[in-house]
Amino acid sequence: FFEDESLENIVLMMERWFGKKVLVTNASLKNLHYYGNFENETIEEVLSYLKLSRSFNFKIEHDSVVIY
């Protein structure tokens, strides 16, 4: 669950929740703020949801995720 949380902080949460390294390559994305409540979603589902309100792309590879 997050409320008015920056993507920079959400990335840290996702790293803990999913055990993957998450890298944001576009610095301007780090300051975007989101609201969300997730319980059993995959990392792909969470990122797809976040992407709906602010456009960005992501790539999942093995143990890492790149958001750009």
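User: Which residue does the side chain of K21 meet in a salt bridge?

Analyst: In this predicted model, a salt bridge needs a side-chain nitrogen of Lys or Arg within 4 Å of a carboxyl oxygen of Asp or Glu. The N to O distance for the pair that includes K21 is 3.4 Å, and the partner that K21 meets there is E15.

User: Is E15 buried or exposed?

Analyst: The other member of the pair, K21, has a relative accessibility of 54% and therefore counts as exposed. For E15 the relative accessible area is 18%, and because buried means under 20%, the class of E15 is buried.

User: How many salt bridges does the structure hold?

Analyst: One of them joins the side chains of K21 and E15. Another is formed by E61 with K59, where the closest N and O atoms are 3.9 Å apart; E61 counts as partly exposed at 40% relative accessibility, and K59 is also partly exposed, with a relative accessible area of 40%. The number of salt bridges that the structure holds is 2.

User: What distance separates the C-alpha atoms of L47 and K59?

Analyst: L47 has its place in helix α2, and with a relative accessible area of 0% it is buried. Leaving aside neighbours within four places in sequence, L47 is in contact with M14, F56, F58, V65 and I67. Along the chain L47 and K59 are 12 residues apart, and the separation of their C-alpha atoms is 10.0 Å.

User: Which residues does S6 touch, not counting residues up to four places away in sequence?

Analyst: S6 belongs to strand β1, which covers residues 2-6. Its relative accessible area is 10%, and because the limit for buried is under 20%, S6 is classed as buried. Once residues up to four places away in sequence are set aside, those that S6 touches are K30, L32 and H33.

User: Which residues form the negative surface patch?

Analyst: One of its members, E41, lies in the loop between β3 (33-36) and α2 (43-53). At 32% relative accessibility E41 counts as partly exposed, and because patches are made of residues with over 30% relative accessible area and no salt bridge, that value is above the cut-off for membership. The residues that form this negative patch are E39, E41, E44 and E45.

Methods:
Residues numbered from 1 in each chain as written. Predicted model: local features only at pLDDT ≥ 70, side-chain atom pairs only at ≥ 80, totals over all residues. Heavy atoms only, no water. Patch = residues over 30% accessible without salt bridge, like charges linked within 9 Å, V, L, I, M, F, W, Y side chains within 5 Å. Areas by Shrake-Rupley, 256 points an atom, 1.4 Å probe, with all protein chains shown as cover. Lys, Arg positive; Asp, Glu negative; His and termini not counted. Charge placed at Lys NZ, Arg CZ, Asp CG, Glu CD. Helix = DSSP H or I, 4+ residues; strand = E, 2+ residues; numbered from the N terminus. Buried < 20%, exposed > 50% of the residue type's maximum accessible area, 1.4 Å probe, protein only. Contact = heavy atoms within 4.5 Å.
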